[in-house]
Amino acid sequence: MSFFCSISGEPPQDPVVSSKSGHVYERRLILKYITENGTDPITGDKLEESDLISVKANPKAAPPRPPNATSIPALLQTLQNEWDATMLETFALRQQYNSLRQELSYALYAQDAAQRVVARLIKERDAAREALSSVAATMNVQTVTQGGDVEMTEAAQEAGGLPADVLKQIDETHQKLSAARKKRKAPEGYATIDEVKSFAAKHTIPSLHSPSPAGITSLAISSKNPSQFLTGGNDKVVQLYDRDTDKVLAQLKGHTKKVTYVALREHQDEPTLVLSAGADKIAKVWAHDTASGEYLPKATIRTHKGELTGLAVHPTSTLVVLGSADRTWSLHDLTNFNQVFRSPEAEEPFHSLGVHPDGTLVALGTPGGVIQVFDIRTGALAASLQDEGAAPFTVNTLSFSENGYHLAAPDSLSSVAVWDLRKPKIAKSLALGESFKVNRVAYDISAGFLGVAGNEGLRIFAHKSWEELVRFEEGGEVADFAFGQSGKEIWGVTGREVRIWGAAS
């Protein structure tokens, strides 16, 4: 039903009804009429504003179109006006779109040009370094700058034997450690099986490294200062942190891609060295300066042509061993920053590395499920370990037992094998569940405990009995872990956090 104003004859915008006559009016018109005449315009009776009753529609309806929009030509004109407005808006949007495309094209062009310039500069830098190395070799001098970051030279021939002094040092270390190891027992006060079973979350250090890209990839604990630990991250940075003071002691930069491994060289009265390996194919060395208390860049190792997938300080404490995806491994002297050995290329890339506690063997994992064990003294292949019945998988981590008789490494994506190196054969295979993916395995220094970290947390097993003592799953995936002083604590990396598990205080 439609209402029409008794004065204008049009549908009212704000309709009211006279309580005396019952006629419908437009409010603004009837109020004006009452103000001037004081009567009802139709009946002539006296009429006041209080006699008007508002007509309320529920739900509210859209106001009717004026009469000039009720004819077909008027409707066509209205539709034409709306079409024109739509076309004008579309045109404006198209102009904005073209402008944004031009800005994006310019930004991409500028980025591409910048990348080309950086690539050219890097190429020129590498060429200058090679030329400098050639000149230095011709003149029989070392390109070493006092107190600065230097390139480690390749003094020994590749795939050749070790220098006599290095070989002597390795042999002496081997004889000393192997003789002591036969009578060795767990240190007094070392954690027992019952104590490890009672381990629970003890402390969490959050928000380490940059949130973009987030994630800690590797962990090492100081033996001289058990409260200090070293981490490497996806943010290309190496951090030294003190748990007691809750402070970052050093933030070491130099890598251009993620850091894959970190280690500390702490040996008697010699300066502490911080070592790191990265996906950028280089290893970095920093030395602690006692005068300033800072860690200063000491050397950059550029021997390898592929991502570094393993780093370990040799038991002599004067050598470091590197493994790479370029299918070679190398040995470097930490006293004069020279390369002393680099292996010939193998058939497969290396994805993990471990050094025997006596210092004579190095084991490297491959993507085909094979563990190749080399004699460090000669570079010759000493053994090739492979589970013949297993499907191909990548051996991404391995660890020698401190007793020297066993080697732990994955024998599938979700299980870990313990190899008896005296046979050699698998002594035990630990199934972890089909959904478990192994990230890291490690023995403690007493050879009594074996830890396995993966996407479902961290699990600790007792050596020989292979009983699962405890598992830590509250932090999610554990990328790396280490046993603390006297085995009283276990440190693990979850995302940007370092979690510490131990007995309740």
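Trainee: Why is Leu 76 called exposed?

Mentor: In this predicted model, Leu 76 has a relative accessibility of 54%. The term exposed applies over 50%, so Leu 76 counts as exposed. Leu 76 lies in helix α2, residues 72–139, and forms a nonpolar surface patch together with Ile 72 and Leu 79, with about 330 Å² of accessible area in total.

Trainee: What makes the contact of Glu 467 with Lys 197 a salt bridge?

Mentor: The closest N and O atoms of the two residues are 3.0 Å apart. The criterion is within 4 Å, and therefore the pair qualifies as a salt bridge. The pair links distant parts of the chain, 270 residues apart: Glu 467 is in the loop between β29 and β30, and Lys 197 is in helix α4.

Trainee: Is Asp 420 buried or exposed, and how do you know?

Mentor: Asp 420 has a relative accessibility of 7%. Buried means under 20%, so Asp 420 counts as buried. Its salt-bridge partner is Arg 422, with the closest N and O atoms 3.1 Å apart. Arg 422 counts as exposed because its relative accessibility is 53%, and the limit is over 50%.

Trainee: Why is Glu 473 called partly exposed?

Mentor: Its value is 40%, and the class lies between the buried limit of 20% and the exposed limit of 50%; therefore Glu 473 is partly exposed. The side chain of Glu 473 meets that of Arg 471 in a salt bridge of 3.3 Å, N to O. Arg 471, at 38%, is also partly exposed.

Definitions and conventions: Residues numbered from 1 in each chain as written. Predicted model: local features only at pLDDT ≥ 70, side-chain atom pairs only at ≥ 80, totals over all residues. Heavy atoms only, no water. Patch = residues over 30% accessible without salt bridge, like charges linked within 9 Å, V, L, I, M, F, W, Y side chains within 5 Å. Areas by Shrake-Rupley, 256 points an atom, 1.4 Å probe, with all protein chains shown as cover. Helix = DSSP H or I, 4+ residues; strand = E, 2+ residues; numbered from the N terminus. Buried < 20%, exposed > 50% of the residue type's maximum accessible area, 1.4 Å probe, protein only.
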